[in-house]
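I open this notebook to record what I looked up in the structure, entry by entry.

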Amino acid sequence: MSILTTAPLKVWPAAADSITVASGAGAGVLGAWVEIIPAGSILVPISIAGVCAELFVSALTNGQTTEIQFGLGTAGTEVSISDPLIVVASAGNLIQEIQMFLVPIGGIPAGARLAMRSRTLSGNIPSKFALMYYESLDEDPTMLAHTTYAPYSNGSNINGASVTPSGTAWANSSWVEFIDLGASSALLGVGLSYASGAYDGIEYEVDLGAGDAGSEVVLTTLRGTFSNIGVQGYMDLWLPTVFPISDDTRIAFRLRKAGTSTTATTAHLLYVYAIPSEDIVIDGLSMLCDVGQLTINGSGFTDTMTIAVQGPSGVLAYSVISIAPTQIVLGIDNLVTGVYCVDLSA
Amino acid sequence: MAVALSTTNEFLLRDGSYLDTTAAFTITGWANQGATTPTGFRTYYNYGDGAGSDAYLYLGSDTNANNLRLAYWDGVDYVQTATAFSPVVGTYFYWAMRYDGASAFDFIINGLVLETLTVDLSAITFPTTDDSVGGSWVDFSFALIGVFQSHLTLTQITAQSQSQIPLSTALAFTPLAFAADLDDVTANGEDWGLSGTLTAATGPSLAAIGDYPYTTNPLFSAPPAASGVTVTPNAGSWANSAWVTLVATTDAAWILTGLVVRPDNTNANEQFEIDVGVGAAASEVVVTTFRGTFLTTTTASPGILPAPIPLDNIGVGVRVAVRMRKQNASTNTWTVGAQYYKKPLVGNLLTSAKPQKSYPSSATDVLLTAGATAWASSTYTELVESTATAIVLVGMVIDILSLNSGWEVDLAIGTAGNEVVIQTVRAYHTGIQATDGPNFVPFRRPCDSIPAASRIAARTRSQIAIGTRQMYVALVYLEKPL
């Protein structure tokens, strides 16, 4: 596929104030889902190209990141489509207010209700967000429909994995483990927080590596700069394009920079992973298992049908994302490998 | 999923008589070189007599060297490629030995023919017909070795590199995925025999994520492990600085993916352009241009200036330099670094030899009018009267002066009064703080909706309708055809 597109870039909400999405009440706690796009508002599939964030900075510690998550479904039954979260910005002097994702987040069907929730290290932060999106983007059907962003979060520390720089200019830090990535994953980049003024006006490089502890091999190197005095915040360094990982691979990173400060900072890994899907056709019906979604294609569907879903662990709760005469899309949390059965009755 | 031999003189061996060397064939595989310089030869693949007495075809290193060549020995003459590939330690490469059945024996790395040896293999007798991997030096890992009795195209070879099964009819295909995995997955049973111990190794990264653009090449930084090169701006508005050497000589052809810029940290409203050029001092030729704006001095942005369509127009062995020009008269120094891939590129990343250009060029961003009321659209301001060619829009520089407020900017094409919106970008101005990068918003999916002779205009909307409200914009684009 080509990355070139003739699909127009659009904004939601259009010509209106951004939408407030408060983080949860505690450190790293997700807030309530907030409706961003009401059901039935967009009549074609969309892909989220980026966000514009207006952070409630007075309540955030400098360098503290804000993470968001998108979900589909009716109010109270939202199912995440970007699991776990996307780091969008931080408080401080360095706010990445416009965040254009390296890979647009697709798989949002026509008519779907889109919701968002957020978390921060401080609780109850009412920041505001607007989206930029494409309609009917010519997406890669095997990747984008089954892909989620998953920035690494270091346990309860949502500010990421901590790294202590070398005290020698441009000498490598020790390797710090991010995560073991599974097959069919792809690196997108790395995000670095600067919670202190210790890195004022310096440049840096981050190596992403693979391999067992002590045997890491550099996969790629990203360069950035803290361009001014007092700079504190967070910055995503995106790769030019995705870097596929085919095997189970331990991913680690190391930092080197100008200057001699050994003040620790934190980093997030940005990556996507594909979830295998099977499209099985039985008696004219096909069922497609996606990230948080089960799609049934067929004919004669109505919104008055009774639906029951049976999964590997028994009867499953679901939300109805959309019902059209030829397609039903259900949202189901925590889909796992196994056999699913959907009963449809008029 | 790959394997490696454990100690010196271990090897894989099988009877290779299944291969007809008088007809077209292609042999392919992945390999990843170890760090230690061989004592002897690092043999990635050998057909014929592995002992070297009788004729053989060889893909491996020179004696006591870390390079890689294609060669043959016909019993009288030893002929090798003049070109030696230099594997990067720890980075997988995909090799291929390809013969057209007549006279062309190709040395192929990562989908590119590095050199062709002219030889009629039907004139060579191979008394021994063994296939082998390893031998005198073994510190490399390898996987997915395929033997095809056909002349695969480069497209087929690239596609094969991403598959764990043969995509064309194969005589033999051995995944070599784990320590005990010596089996040929075709029905021909051309399994490997093992002399020594085979261990599991980290394998190559395959594109298991569909056909989304990707690469497994490592990204490099220039200057590496050092601050950017220092550029002293010209005091004249939009006058060029002197060229500053970024790299004296490239050690490979580059795919330039972006710049990392640190401003002078002294002056506000720094609208700027940076040219990247190649050539000797005083003979530089501009190959691309980046544009951005640093809005404030008390806070600043990280200086990331990506090229959404990376530049493929910097060769090997050339000097790369940068120069800048900007709006105001400050001559405080800036620093500039770069990010790039080394060719050949594994993957399907869209690149272009065309330079990035900007509207306006070497001039101040265009001031747009503001709407009369909150979220009311302004009138359109013409940015481009008529594009010289069809263009691909790769990003936009947005510079907002206002109180804290949300903004939208529509880009449209069409005659005055008939504009059609093709892109809308949302931004927010905090009044005190900077935005993403040097106020450059990259279009990760570049806009391919602007034909030749298009008039481009823009209009704004904002959350507030009080005070001084100004948005300045510039466009960054490539001319088609890419």
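Before I list any bridge partners, I note that two strands are taken to pair if DSSP finds at least two bridges between them. I also note that I am reading a predicted model.

**Entry: confidence in chain A**

I looked up the confidence first, and chain A averages a pLDDT of 76, with 72% of the residues scoring at least 70. Within chain A the lowest mean, 38, belongs to strand E11 (residues 147-149), whereas the highest, 96, belongs to strand E3 (residues 34-37). The pLDDT is below 50 over residues 140-156 of chain A, and this stretch has 62 contacts in the model beyond near neighbours in sequence. The pLDDT is also below 50 over residues 275-283 of chain A, a stretch with 12 contacts in the model beyond near neighbours in sequence.

**Entry: strand E10 of chain A**

Is strand E10 of chain A enclosed by the rest of the structure, or left open? I find that 7 of the 10 residues of strand E10 (residues 126-135) of chain A are buried, so the strand is largely enclosed by the rest of the structure. The cut-off behind this step is that a residue is buried if 20 or more other C-beta atoms lie within 10 Å of its own.

I then went through the strands that run against E10(A). Strand E1 (residues 9-12) of chain A is joined to E10(A) by 4 bridges in an antiparallel arrangement, and A:Lys10 has A:Tyr133 as its bridge partner in E10(A). Strand E2 (residues 19-22) of chain A also pairs with E10(A) in the antiparallel sense, over 4 bridges, and here A:Ala22 stands opposite A:Pro126. Strand E4 (residues 46-54) of chain A runs antiparallel to E10(A) and is joined to it by 8 bridges; I noted A:Tyr134 of E10(A) as the bridge partner of A:Ser47.

**Entry: a four-stranded sheet in chain A**

I next traced an open sheet of 4 strands in chain A, whose order is E13-E18-E15-E16 and whose pairing is antiparallel. Its edge strands are strand E13 (176-181) and strand E16 (217-225) of chain A, each of which pairs on one side only. From one strand to the next, the twist averages 25°. Inside this order, strand E15 (residues 203-210) and strand E18 (residues 249-257) of chain A pair in the antiparallel sense over 7 bridges, with A:Ala210 opposite A:Ile251 in E18(A).

**Entry: chain B as a whole**

Among the contacts in chain B with a separation of 6 or more, 77% come from residues 24 or more positions apart. The domain assignment of chain B gives domain 1 (2-201), domain 2 (219-355) and domain 3 (366-479); the C-alpha centres of domain 1 and domain 2 of chain B lie 40 Å apart.

**Entry: a seven-stranded sheet in chain B**

I followed an open sheet of 7 strands in chain B, antiparallel in its pairing and ordered E7-E6-E5-E4-E11-E2-E14. Strand E7 (78-80) and strand E14 (193-195) of chain B stand at the edges with a single partner strand each, so one side of each has no neighbour in the sheet. Neighbouring strands of this sheet are turned by 15° against each other on average, direction ignored. Strand E4 (residues 43-48) and strand E11 (residues 130-134) of chain B pair in the antiparallel sense over 3 bridges, and B:Tyr47 stands opposite B:Asp131 in E11(B).

Is B:Pro263 buried or exposed? B:Pro263 lies in the loop between strand E19 (254-262) and strand E20 (270-278) of chain B, and I record this proline as buried because 27 other C-beta atoms lie within 10 Å. The C-alpha atoms of B:Pro263 and B:Trp334 are separated by 4.8 Å, although the two are 71 residues apart along the chain.

B:Leu482 is found in the segment after strand E33 (470-479) of chain B and counts as partly exposed, with 17 C-beta neighbours inside 10 Å. Leaving aside neighbours within four places in sequence, B:Leu482 is in contact with B:Ile309, B:Ser352, B:Lys354 and B:Val392.

Technical notes
Residues are numbered from 1 along each chain as its sequence is written. Chains are lettered from A and ligands numbered from 1 in the order in which they are written. This is a predicted model: local features need pLDDT of at least 70, side-chain atom pairs count only at pLDDT 80 or more; totals for chains, interfaces and linings use all residues. pLDDT is the predictor's confidence in each residue, from 0 to 100. Helices (H or I, at least four residues) and strands (E, at least two) are DSSP runs, numbered from the N terminus. Two residues are in contact if their C-beta atoms, placed from the backbone, lie within 7 Å. Domain bounds come from an automatic or database domain assignment. Axes are lines fitted to C-alpha atoms, for helices over the stretch in contact, and angles run from 0 to 180 degrees between N-to-C directions. A residue is buried if 20 or more other C-beta atoms lie within 10 Å of its own, exposed if 12 or fewer, and partly exposed in between; C-beta atoms are placed from the backbone.
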